[in-house]
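Please look through the charged side chains of the structure shown below, with attention to how they pair and where they gather. The paragraphs that follow take the pairs and then the surface.

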Amino acid sequence: MTDAAPTRLPDLAATEAFGARIARLLRPGDVVALSGGLGAGKTTLARAIVAALGHEGEVPSPTFAIIQTYDPPAVRLPLVHADFYRLDDPAEVEELGLDDYRDGAALLAEWPEHAGGFAHERGCLSIRLETADEGRLAIVTAGQDWLDRLP
């Protein structure tokens, strides 16, 4: 895992541009693991990525459904958007059938630590969002497969 310099996200436009850079680089099998406190901007960044992949219209937060899927042609590649906030135990991920959803798809994972984490995967781009004086900071840690394509 390699850490990149923090990215400043002072406003929604900067968050959307950052999401678009990630979307351009995203491949099937990748994980974008979004962590940070409540209100840190995880869902906002996830929505920016989904929109940049081509989805038009509302991108619902999967907080209650836990998993929301997007398939071509609505998006450039199969995508799973998961919000693991409500999980009490990482073992619950198996009950959700996450591996089946992930087959051939990229994964946007909010609250990845509730699912046991994904940082050990070569295709994981971990992004910790923090509130800063002027907007937010995105602290990026890249798995091996992301080293030559950091956003």
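Asp-30 is buried, since its relative accessible area is 3%, where buried means under 20% relative accessible area, exposed means over 50%, and partly exposed lies in between, all with a 1.4 Å probe and protein chains only as cover. The model is a predicted one, in which local features need pLDDT of at least 70 and side-chain atom pairs count only at pLDDT 80 or more, while totals for chains, interfaces and linings use all residues. Residues are numbered from 1 along each chain as its sequence is written, and side-chain values use heavy atoms, with hydrogens and water left out.

Side chains of opposite charge can pair when their charged atoms come close. The partner of Asp-30 is Arg-149, with which it forms a salt bridge whose closest N and O atoms are 2.8 Å apart; a salt bridge here is a side-chain nitrogen of Lys or Arg within 4 Å of a carboxyl oxygen of Asp or Glu. This pair links distant parts of the chain, 119 residues apart, because Arg-149 lies in the segment after strand 8 (135-142) and Asp-30 in the loop between helix 1 (12-25) and strand 3 (31-35), the helices (H or I, at least four residues) and strands (E, at least two) being DSSP runs numbered from the N terminus. Arg-149 also counts as buried, at 7% relative accessibility.

By this rule the count comes to 4 salt bridges, and among them is the one between Arg-122 and Asp-145, with the closest N and O atoms 3.1 Å apart. Arg-122 lies in the loop between strand 6 (106-110) and strand 7 (124-132), whereas Asp-145 lies in the segment after strand 8, so the pair ties together parts that are 23 residues apart in sequence. Arg-122 is exposed, with a relative accessible area of 53%, while Asp-145, at 30%, counts as partly exposed. Another of the salt bridges joins Glu-130 to Arg-128, with 2.7 Å between the closest N and O atoms; Glu-130 is partly exposed at 30% relative accessibility, and Arg-128 is partly exposed at 40%.

Asp-89 lies in the loop between strand 5 (79-83) and helix 3, and Asp-89 is partly exposed, with a relative accessible area of 40%.
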